[in-house]
Amino acid sequence: LQLMFLRKITLQNLFLIILTICVSLNASNSPLLIQLSSINFIILFLICLKNNEVLEAIKKNYMNNKNFFTIFFLYVSYLIIQIIPLPLNWIEVIAPNNYALYTSITIDKEFWSLSLDPSNSYLRIINCINFLIIFLIFPTLFYRSKHLMKFLFFLCLLGFCHALFATYWMLIGNPSNFLIEKIHYPQSSTGLFVNRSVFATFLLLSAFSGLYYIVVFFQKNKITNFNFFEQINSKIIYIRIFIIFLSIGILTTWSRAVNFSYLLILFSFLFYSKINFKKYINPLSTIIIFILIFDVLVLGLLFGNAKLIERYAETSMVSEAVRIDLHDFGLDQFKSFWLFGYGSGAFAQVYKLFFILPENKNFLAKYVHNDGIQLLGEVGIIGISILLSLSFMYFKKVINSIKQKKELSRFVLIFLLLSVLFIQSLVDFSLHIPGISILLMIILSISLINSKKNIINHLR
């Protein structure tokens with residue numbers, strides 16, 4: 001039994017190592033890194049299958065959520081259909097706009113795919129398979145509260161390390177490092193990432209995991225009062241230190257969208273604390289209020305939040321004209337490819353083909369800067385219908401599993417996180433970045449943990 005326990009710990013550690021590799025190097029936002037992450041997750045999945053107890057737990061997880069996984073398989077199959085070469089006469093019937101485009105190209109080909117960029121769509125498919133693996137194995141590896149706390153603590157620690165490095169690198173002038181060439185945001189904290197908004201979203205999810213750790217800690221230990229000295233004698237003091245640097249890291253990215261999201265996350269936990277403790281002043285709200293006053297306000301003044309306030313003040317329809325043009329263009333392309341979409345990850349190709357650049361402008365947009373509009377265009381009505389069905393099955397499972405206080409808190413906090421990310425996604429594209437979407441899927445898979453008696457209760 002001790003040997004089996006150690007093997008389970010090893011699998012957990014392998015998962016955390018793979019996650020670190022996946023998110024640390026620019027959130028795997030390149031063809032090579034996407035494929036590396038996919039290979040790592042597939043290898044881990046195969047290793048998990050070699051452990052009989054974990055294999056049984058995966059089977060139980062699948063059977064407990066069979067409808068959810070069936071629709072997930074259907075969505076992956078749909079994405080695969082998008083890149084399968086089809087006869088041109090079929091394309092004419094099912095996708096007239098694709099047909100008009102293909103016949104205008106002077107290339108003699110009999111077979112074309114629904115996706116306008118099959119190679120990039122392939123990369124999105126393998127990333128989607130990563131999601132599937134995560135939903136299968138995460139609830140079976142991190143099924144107890146102590147295992148979940150291990151993951152949450154690790155993610156908060158990982159974000160802290162990145163925030164510390166990125167802030168230091170910014171303070172010394174943000175020179176190009178051995179992995180990332182700093183050409184876009186020389187005065188912002190980005191660390192090993194290229195885009196500041198993507199980096200800030202990673203730190204945001206790390207901060208969320210730290211705050212969620214505190215919630216699980218309070219529930220597990222049935223805490224109703226928690227003074228400063230008790231914090232020092234627990235791991236909560238480390239979480240507090242981590243969140244200080246995460247707050248600094250998020251602030252110094254100067255990302256308007258993510259800094260606003262961070263405030264919403266903090267107020268969400270403040271709202272949850274009132275629901276959970278039935279009073280305004282409680283152990284969790286005390287910690288959140290301290291974060292708002294010290295981490296956000298005091299450290300914000302110290303590190304120059306005037307720059308961020310200035311960026312908010314400069315926001316206008318004129319200054320955001322490029323972003324608004326991309327939104328309009330994205331909606332137009334959805335109308336053109338409304339049924340099957342133009343292909344997952346194919347927006348850059350669509351932009352090059354159809355976007356009319358203003359005079360004296362020469363830039364390539366890879367994203368719509370609105371995750372929802374881009375997703376609509378990529379997968380069309382059929383894909384969105386499948387995703388809505390998948391979301392319905394997910395929330396049905398989450399709501400039906402609410403039998404204890406910890407399931408309720410899980411539902412409330414994840415719902416609030418998704419609400420905040422939805423607001424952010426209206427002007428952002430971070431959820432289209434492979435590493436960020438993988439991190440979000442891991443957090444969502446927490447809800448598939450069967451905490452009624454644990455899905456591998458027979459191992460106890």
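How much space lies in the largest pocket? In this predicted model, where local features need pLDDT of at least 70, side-chain atom pairs count only at pLDDT 80 or more, and totals for chains, interfaces and linings use all residues, the largest pocket holds about 1600 Å³. Residues are numbered from 1 along each chain as its sequence is written, and side-chain values use heavy atoms, with hydrogens and water left out.

A pocket is an open set of points, on a 1 Å grid over the protein atoms alone, where a 1.4 Å probe fits, with protein on both sides within 12 Å along at least five of seven lines; lining residues have an atom within 4 Å of a point. Volume is the space filled by probe spheres set on the points, which are joined across faces, edges and corners.

The lining of the largest pocket comprises 48 residues, and Tyr185, Asn195, Tyr367, His369 and Phe429 lie nearest its centre. By class, 21 of the lining residues are nonpolar, 15 polar and 12 charged (nonpolar: Ala, Val, Leu, Ile, Met, Phe, Trp, Tyr, Cys and Pro; charged: Asp, Glu, Lys and Arg; polar: the others, Gly among them). Helices (DSSP runs of H or I, at least four residues, numbered from the N terminus) that each supply at least two lining residues include helix 2 (31-50), helix 9 (196-220) and helix 17 (371-400). Helix 15 provides the largest share, five residues.

Tyr185 is placed in the loop between helix 8 (145-171) and helix 9. Tyr185 counts as partly exposed because its relative accessibility is 24% (buried is under 20% relative accessible area, exposed over 50%, partly exposed in between; 1.4 Å probe, protein chains only). Between Tyr185 and Asn174, 11 residues apart in sequence, the C-alpha to C-alpha distance is 8.5 Å.

The second largest pocket has a volume of about 1200 Å³. Its lining consists of 34 residues, with Leu375, Leu387, Ser391, Leu431 and Met441 nearest the centre. Two or more of these residues come from each of helix 4 (66-83), helix 7, helix 17, helix 18 (405-425) and helix 19 (434-445). Helix 17 gives the most, 12 residues. This lining has 23 nonpolar, eight polar and three charged residues.

Phe294 lies in helix 13 (residues 283-303) and, at 30% relative accessibility, counts as partly exposed.
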